Amino acid sequence: MREEIEAIKKKRNAVILTHVYQRGEVQDIADYVGDSLDLSKKAVSTKSDVIVFCGVQFMAETASILNPGKIVLLPDKNAGCGLADMATVEQLRYRKKQYPRAAVVSYINSSAAIKAESDICCTSANAVAVVNSLPQDQVLFIPDRNLGSYVAEQSSKDIVLWDGYCYVHESITIDQLKSLKEQHPSAEIILHPECPASLRHMANFIGSTSQMSRYAGQSKHNEFIVGTEINFVYRLKTDNPDKIFYSGSKAYSMATAGCNFHCRFCQNWSISQIRNDEVFKLGQNITPENIVLNTKEAECQTIAYTYTEPTIFFEYCYDTARIARKAGLKNIYVTNGYMTDEMLAMLSPYLDAVNIDLKAFQDKAYRRITGGRLQPVLDNLKKMKQLGIWLEVTSLIIPGINDDTHEIRDIANFVVQELGSDVPWHISRFFPAYKMKEVPVTPLHTLQVAKEINHEVGAHYVYLGNVKNNIKDDCCPNCGKEIAGVGLSHI
Ligand code: SF4
């Protein structure tokens, strides 16, 4: 395949620019690997007619703006950035009216439409310098609240934060960093400024991916604990083969295309709802044996069957899980809970943990928003519990669909009474997606109320998803200490 790509590249006079967050094999085929800023600069200086941008939409948009005469290709047109999607032009216009004196600084991880509404754009490497260069005393910083708070710590300006965040950086926990530091006491902690302040305050160095790479290369230290997207570690190791880099406990996540549901809010709709004639354009042929080998090579301890519905690829999952178990790996099944007894009986001996989505508590709503039925999901939740598999439940709270307090109480009662008070329940905040783009984001208040209802009915472990820094995590019912970000929904 490599030769094929090289031949097409030559024929089209193309250049391949790859972001450091891409998988190692995509980095290996690239002409240039770098962060958003590096690649934007490369895009300007290239003499090629075609730019193949292995990144996400906003990066290809930037390359296209900077190169109006060139063709910019994005290999996966649906490759988006959750952080960039957290700011819309309408929201920004509203905030500008609220803060008329403020300069608008947009992080490069924003759409072209947002950048067009901004006074100036910055990267994580130059955010502080850009903000400090402005004549205005007040700055509306969008969309990353963590990068914004990092800038605020180093600037005398009044920084108004936007409520966006990067899921990857917010998923890193204090406990993970502490545990890695205990295992590797001489390692330095290097983090991206998109990490929350609680993590940044533990770091020896904070910087963009290119700054981290430079720091690690020039440092006298030989070991580093890295807090950013996991694929970046591949780049660090390639650039600094004599140094050692650690990251948190990792799961190797895999999926095939398709799903037995058709959820109108599906975040992964581009693979779960793909048309039959497009299926074979995605992914790669890989045997279960090679999945296990890849998992070990990637230094992961677990395989997560996730993204789409693993029941769709049950046979493949079953073969992989058995080989993985023999190889000392764990198997995690992230599912909509819609499967037969026969399948459950075959697979359950190889499962270490399961997270089941309980999407509503009314059959009518279930049929309408997912295309499936409620009762089989409830039955399978109980069966999983009886089989003794570690079980967690996730519910996405969607305004106007399942946010009624009676419905939330019904779900809470079911979880506590049928599954037990100790089964963790993840209540997730909805963000507009797929066929529900017009539905608003779940208000924080709704999630707080849901959490209170859960405690009233006796649930011990309730976690709010997609709101980590706004609301505190639960406390252990035994020792009373805060439990920071545990659970399968963080995998
Ligand atoms: S079950 Fe999951 S993967 Fe399938 S459509 Fe619903 S949200 Fe998407």
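## The sheet containing β7 and β8

In this predicted model, strand β7, which covers residues 138–142, is joined to β8 by 4 bridges, and the two strands run parallel.

The loop between β7 and α8 contains Pro-143, and the peptide bond that joins Ile-142 to Pro-143 is cis, with an omega of about -10 degrees. As background to this, most peptide bonds are trans.

## The sheet containing β1 and β2

A further open sheet is formed by 4 strands in the order β2-β1-β3-β4, and its pairing is parallel. Its edge strands are β2 (32–34) and β4 (71–73), each of which pairs on one side only. From one strand to the next, the twist averages 20 degrees. Strand β1 (residues 14–19) runs parallel to β2 and is joined to β2 by 3 bridges, and within this pairing the bridge partner of Leu-17 is Tyr-32 in β2.

The loop between α1 (2–12) and β1 holds Asn-13, a residue that has a positive phi of about 50 degrees although it is not a glycine. For orientation, most residues other than glycine have a negative phi.

## Helices α3 and α4

Helix α3 lies across β1, β2 and β3 (50–54), and it runs at about 145 degrees to β2. Helix α3 (residues 36–45) also approaches helix α4 (residues 57–66): their axes come within 9 Å and cross at roughly 30 degrees. An angle under 35 degrees counts as roughly parallel, and α3 and α4 are therefore roughly parallel to each other. The crossing in which α3 passes α4 is right-handed.

On the α3 side, the contact involves Ser-36, Leu-39, Ser-40, Ala-43 and Val-44, and these meet Met-59, Thr-62, Ala-63 and Leu-66 in α4. By class, the residues of this contact between α3 and α4 divide into 6 nonpolar and 3 polar, with no charged residues.

## Helices α15 and α16

Helix α15 (residues 288–297) packs with helix α16 (residues 314–326) at an angle of about 50 degrees, and the two axes are 8 Å apart. With that angle, α15 and α16 are therefore oblique to each other, and their crossing is right-handed.

The contact is made by Pro-288, Glu-289, Ile-291, Val-292 and Thr-295 of α15, together with Tyr-316, Asp-319, Thr-320, Ile-323 and Ala-324 of α16. The residues of this contact of α15 with α16 fall into 6 nonpolar, 2 polar and 2 charged.

## Helices α20 and α21

Helix α20, residues 405–419, and helix α21, residues 444–457, pack at an angle of about 40 degrees, with 9 Å between their axes. That angle makes α20 oblique to α21, and α20 passes α21 in a right-handed crossing.

From α20, the residues Thr-405, Ile-408, Arg-409, Ala-412, Asn-413 and Val-416 meet Val-449, Ala-450, Ile-453, Asn-454 and Val-457 in α21. The residues of the contact of α20 with α21 divide into 7 nonpolar, 3 polar and 1 charged.

## Around the ligand

The residues around the ligand are Cys-259, Phe-261, His-262, Cys-263, Cys-266, Asn-268, Ser-272, Thr-308, Glu-309, Asn-336 and Thr-370. Sorted by class, this shell around the ligand has 4 nonpolar, 6 polar and 1 charged residues.

Conventions:
Residues are numbered from 1 along each chain as its sequence is written. This is a predicted model: local features need pLDDT of at least 70, side-chain atom pairs count only at pLDDT 80 or more; totals for chains, interfaces and linings use all residues. Two strands pair if DSSP finds at least two bridges between them. Axes are lines fitted to C-alpha atoms, for helices over the stretch in contact, and angles run from 0 to 180 degrees between N-to-C directions. Angles under 35 degrees count as roughly parallel, over 145 as roughly antiparallel, 65 to 115 as roughly perpendicular and the rest as oblique. A crossing is left-handed if the near helix is turned anticlockwise from the far one by less than a right angle, and right-handed if clockwise. Two residues are in contact if their C-beta atoms, placed from the backbone, lie within 7 Å. Ala, Val, Leu, Ile, Met, Phe, Trp, Tyr, Cys and Pro count as nonpolar, Asp, Glu, Lys and Arg as charged, and the others, Gly among them, as polar. A residue is near a molecule or strand if its C-beta atom, placed from the backbone, lies within 6 Å of it.
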